[in-house]
Amino acid sequence: MTRLLILTLLLCVGYSLWTYLRRALGGQRPPQAPPPRRRAGGRQGEDLVQDPQCGTYVPRSEAVETQVGGARLYFCSTECRDAFRARQG
Ligand SMILES: [Zn+2]
């Protein structure tokens, strides 16, 4: 019976250690899931903004807003924003 207890304890500790290691090694949170690429029309009554990086139209409320050189730009995802910024130099 003691062996079972130890085994359970080991599993518990092992799992904690594994999650801790994954967090420590991974370092970053999983990227925010981008909204669906193709969206017909979007929500009613909501402005659509165009992502200058990939050309996708996204509802303003779901867009990633960024100021670039004084201009306000909207992107469909942080990936596109970063790519656009990298392209700007
Ligand atoms: Zn995009």
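User: Why does D47 count as partly exposed?
Analyst: The relative accessibility of D47 is 46%. Buried needs under 20% and exposed needs over 50%, so D47 lands in between and is partly exposed. Bear in mind that this is a predicted model.

User: What makes D47 and R60 a salt bridge?
Analyst: The N to O distance between their side chains is 3.4 Å. The cut-off is 4 Å for a Lys or Arg nitrogen and an Asp or Glu carboxyl oxygen, so D47 and R60 qualify.

User: Which parts of the chain does that pair tie together?
Analyst: D47 is in the loop between α1 (2–26) and β1, and R60 is in the loop between β2 and β3 (64–68), so the bridge joins parts that are 13 residues apart in sequence. R60 is partly exposed as well, because its 37% falls between the 20% and 50% limits.

User: How many salt bridges does a search of the whole structure find?
Analyst: There are 3. Besides D47 and R60, E65 meets R72 at 3.2 Å, N to O, and R81 meets D82 at 3.2 Å, N to O. Both values are within 4 Å, so these pairs count too.

User: Now the metal. Which residues are the protein donors of the zinc ion?
Analyst: D51 (OD), C54 (SG), C76 (SG) and C80 (SG), lying 1.9 to 2.3 Å from the zinc ion. The cut-off for a donor is 2.8 Å, so these atoms pass. Along the chain the spacing reads D-x2-C-x21-C-x3-C.

User: What parts of the chain do C54 and C80 link?
Analyst: C54 is in the loop between β1 (48–50) and β2 (57–59), while C80 belongs to helix α2 (residues 78–88), 26 residues apart.

User: Why is the arrangement around the zinc ion called tetrahedral?
Analyst: The 4 donor atoms subtend angles of 97 to 117 degrees. The label requires all angles to lie between 85 and 135 degrees, so tetrahedral it is. For reference, the ideal angle for four tetrahedral donors is 109.5 degrees.

User: Are C54 and C80 buried or partly exposed?
Analyst: C80 has a relative accessible area of 8%, under 20%, so C80 is buried. C54 sits at 35%, which means partly exposed.

Methods: Residues are numbered from 1 along each chain as its sequence is written. This is a predicted model: local features need pLDDT of at least 70, side-chain atom pairs count only at pLDDT 80 or more; totals for chains, interfaces and linings use all residues. Side-chain values use heavy atoms; hydrogens and water are left out. Donors are N, O and S atoms within 2.8 Å of the metal (3.2 Å for Na, K and Ca); water is not among the atoms, so sites may look incomplete. Four donors count as tetrahedral if all angles lie between 85 and 135 degrees; four count as square planar and six as octahedral if opposite donors are over 155 degrees apart and all others between 65 and 115; anything else is irregular. Helices (H or I, at least four residues) and strands (E, at least two) are DSSP runs, numbered from the N terminus. Buried means under 20% relative accessible area, exposed over 50%, partly exposed in between (1.4 Å probe, protein chains only).
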